[in-house]
Amino acid sequence: MTNFLEMFLILVIPTGLLFTFGEMCKDKKQGYAVLTAMLLLFILMLGVCYASEKYGNPIVAAQGISGDTAMEGKEVRFGIGSSALFATTTTAASCGAVNSMHDSYTGLGGLVLMLQMMLGEVVLGGVGAGFYGMMLYVFITVFIVGLMVGRTPEYLGKKIEAKEIVLTIAGLLIPAATILSMSALSCLTEAGQAGISNPGPHGLSEILYGFASGVGNNGSAFAGLGANSQWYNVLIGLAMLIGRFAVIVPVLAIAGNMAAKKAAPSGAGTFNTGSVLFAMLLAGVVLIVGALTFLPALALGPIVDQLLQRLKEGKVYRPQQAEQALRGFFRQGNISALRELALRFTARHVDQDMLAYMRLHKIEGPWPASGKVMVCVSASPFSAQLIRAAQRLAQGLRAEFLAVHIETPERRFPNGDQERERLWRNLNLAKEMGGQILTTAGNDFVETVMQIAVRENVTAIVVGKSGPRRWYELTKKTLVDKLISKSGFIHVYVIQGREENEKQPAITTAVTEQHTGWQQYLGAVSAVLIITSLCYVFRGQLELVNIALLYLLPVLLTAAWWGRKTAYMTAVLCVLGFDFLFLEPVFTFTVYDIRYLWSFLIFGLVAFLVGGKTESLRRELQSTRRRESNVNSLYQFSSRIAAVDDGQTIIEEFVSHVGRELQRTVLILVPEEKTLKLQACYDESKAQIANDFQLAASEYAVAVWVQEHGQVAGRSTETLPGAENLFLPLLNGEKVIGVVGIAIDTRKLSPEERTVLGAWVSLLAIALVRAGLSSEAKQAAMLRAADKLRNALFNSVSHELRTPLAAIIAAIYALNDKTVAYGEKQRQQLLETIIDASRRMERIIGNLLDTARMESGMLQLKADWCDLEDVISGALRRSKDYTQEHLIKVNYDDELPLVYADAALLEHVVLNLLDNAVKYSSKGSEIELQAHLQGNDVVVAVKDRGVGLKAKELPYLFDKFYRSKQTENISGTGLGLAICKGIIDAHHGKIWAEPRSGGGSVFAFTLSVTSPQGKVGEKND
């Protein structure tokens, strides 16, 4: 009794403060709303704590101990319930009293106790502190609600502005930062670790509880923590000082700001803060903010402690496997590594969301929320060193790694295949080291770099140090200087490059030699001769200035058509011709007038500028054409295999496409039963897929090496270069799923061919994996369908066969019973019972056999011209035993034509339709059989006045084993109508069902009166 009285007195004062608050606000509902939120939280915390402790420790129970198994550290007088209630009450009100050892509580039980202290005395209010902690959450809740309804947040008629929110956040962060930072410091230092007597998750729980108690309670710690040391005495004392007094400053500042504001009357859009909805929102905000603040730390401590307990209890593995899992996988190091991976994954997704938000709201970055290192990559031999340095920097900063290549007008296209090869190798190196590749074009290098850095939220840029300046660059800023001046808050790392031997690529390529044709030089000479002839003929009418301008024309034309080399030669010829024929003294190369030397210089300058621009445009055109060709080739191949899910078809499409594009022999080997088997080959000499291609044993050995090591080998590589083919692995992750071979001979691959070949091989690997998954999915679907069909068949047949078999056995036993004397009439009835049951079994087995024949494709039509009247009459004769209790009405058209069909199967269709009509019609009702000509088709219909059809059932009536739910009590296998549909489909006819007006149903089918040879059936006599 005294225990409950003490708990009541602990809570009565802070509860009274809430009523006082309502009186002071002149609105008691304000106090009631806050009290309701507190009680919701208190009940939730108490429920979790009690349930966890009541559940107990199954490991203790396994030792044969009966009763409550979580009594360690608790008094027998109080038991589990009173101990949990007292602990929840005292940690909520921060009075410091205990009647049980909190260190002995379960993981979730201890979590509740320390979370209440971490939240800041929000449940009913701390002793001697009031409920200011909850008021901070009230302001946050009002602010969030204001954002939701699109109005300025108001509380008690006063607006809550930015300064109040900043102070509120400060008041919430001060205790949280104190607890987490001091706990982290204790975990990192030897002095802090020395006090831990239970290493692992529970040791972290002890540290968290100690500092949470210092900030929000009496400063006591878990009994397992050696807190009576200089380290913990000092730190917990500082935690008390900061957590209890520093938070008072923002709270008093908020009170002063709110007191100075004038209260405004409530409007239509003002949110009611005295309602139950607000109380529920307030409780939710407390839990969410607490989870966001402390969940990572609690997940490493009490939550892991609880999960490990569940593992030991056999909730995750069997008890025999649990110990092995704890020793093998669930070790502390592995769990920590998994936590780090999870946090990195979460950080990456949050970073992507932040970038999307920045782009949506046009916010200029960077926001230093997470690190990202960017390195500028070019065709320079020093770029490889920059990439490695950037990767090491990103690894040290635990940041992402971005490699960027920027094409500027000056260096948009690398000069020659060697630079293109080096650029490709540098970008591939960055990709292999885990970097993200980005290639873009820009007019200004520095501006483009900064735009990418801001857009991608880059925090560090790695660039190479410029070499020695040339004399004409002394007055200019280098790219590094410009980048540093515009970097702002982004760090710039400048790396000094060193000479190093360039690593040869895995696949060497042929350098494309570009020769200048003699036709270009001949054209240039011809142009100069034509201009010279015209100028010499009309020299009397032309001034020297005009002649000089005319001589400039061939220089411009040759520079624009053929580039610098031809333009230089043209300029020299024009200078010589102009000087020799037109400048005094003529017919000599002497120049008296020094002013004409400027004309000579202009000729050379025009050749240099125009010719250089022409060569740049030509390289751009060639590169664009190469890219277009590669993209078109990749698009054609991907479009051809996009909808194909057969692996062999994809492989054959690959070898034929690549073989035609590269004009080489291409083959693919796929591992089957631990050996490589040639799957497909395109023979370039035959220009088609060769089924009889034989791979030499030496080439096969190289392919096996590639399959085992997952690396390229063969011709044009450093590995087994004596082979005639280049072999590349098809990789699915780290698994080799095949080998691609390409004949090289004396023609090496060009860099462009090598690049597009890599893309082809990657597409092939993805397509083969997709085809494999598609095949597995189809097989799984077929197995499910077969299993479903088997179950339906078993259920249906077992039920349908059991009834007639039971009738036959009962009748036979009765006839065989010598003790009973049956009369002739009774014996006849028993015999008729046996006959009817046998016929029913015959129909069931016949339906099953017909279904099996249709499913296997063994249903063969014995078609001939037949009379539908005979077919219907035969069906009526066979069905008279079970149709005699119904009124059968038959209507034929006069002169009904013959049809080309299998008469026996058509009779079976009519018989099944009659059987179906009899089953679902009441005795004595009318069943009508109609046959009439409609265009070039004969329509046969069976109409009844039975239970009828529902519209939603019509699409499924002819499916195998389908039974209507409204007729489940009527016997049947659900195969009769499916057999009818199969037979009519085999005759290329149409069968359907529809409700009959006035009640009942209509089942009808059509058959053509024309034979497959185009003959028309004759009329019946």
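Modeller: We can go through those topics in turn, bearing in mind that this is a predicted model.

Biologist: How many salt bridges does a search of the whole structure find?
Modeller: The search finds 15.

Biologist: What does Lys28 pair with?
Modeller: Glu23, through a salt bridge between the side chains, with 3.4 Å from N to O.

Biologist: And how accessible is Lys28?
Modeller: Lys28 is at 46% relative accessibility, so it counts as partly exposed.

Biologist: What about Glu161, which residue does it bridge to?
Modeller: Glu161 bridges to Lys261, and their closest N and O atoms are 3.4 Å apart. Glu161 sits in the loop between β2 (158–159) and α7 (162–188), while Lys261 sits in the loop between α11 (248–260) and α12 (276–300), so this pair ties together parts 100 residues apart in sequence. Glu161 has a relative accessible area of 40%, which makes it partly exposed.

Biologist: Which residue meets Lys923 in a salt bridge?
Modeller: Glu885, at 3.5 Å from N to O. Lys923 is in the loop between α30 (903–919) and β17 (926–934), and Glu885 is in the loop between α29 (880–883) and β15 (887–892), so the parts tied together are 38 residues apart in sequence.

Biologist: Is Lys923 buried or exposed?
Modeller: Exposed, at 65% relative accessibility.

Biologist: Which residues are linked in a network of salt bridges?
Modeller: Lys372, Glu400, Arg455 and Glu456 are linked that way.

Biologist: Where do Cys187 and Cys980 stand on accessibility?
Modeller: Cys187 is partly exposed, with a relative accessible area of 29%. Cys980 counts as buried, at 0% relative accessibility.

Biologist: On to the inside, then. Which residues in the largest nonpolar core touch the most other members?
Modeller: Met134, Val138 and Phe211, in a core of 71 residues.

Biologist: What is Phe211 in contact with, leaving aside its neighbours within four places in sequence?
Modeller: Phe211 is in contact with Ile179, Met182, Ser183, Ser186, Tyr232, Leu235, Ile236 and Ala239.

Biologist: What other core lies apart from that one?
Modeller: Another core, of 40 residues, lies apart from the largest one, and its members include Val871, Leu906, Ala917 and Val942.

Biologist: Why would such side chains end up together?
Modeller: In soluble globular proteins, nonpolar side chains tend to be buried together.

Definitions and conventions: Residues are numbered from 1 along each chain as its sequence is written. This is a predicted model: local features need pLDDT of at least 70, side-chain atom pairs count only at pLDDT 80 or more; totals for chains, interfaces and linings use all residues. Side-chain values use heavy atoms; hydrogens and water are left out. A salt bridge is a side-chain nitrogen of Lys or Arg within 4 Å of a carboxyl oxygen of Asp or Glu. Buried means under 20% relative accessible area, exposed over 50%, partly exposed in between (1.4 Å probe, protein chains only). Helices (H or I, at least four residues) and strands (E, at least two) are DSSP runs, numbered from the N terminus. A nonpolar core is a set of buried Ala, Val, Leu, Ile, Met, Phe, Trp, Tyr and Cys residues joined through side-chain atoms within 4.5 Å. Contact means heavy atoms within 4.5 Å.
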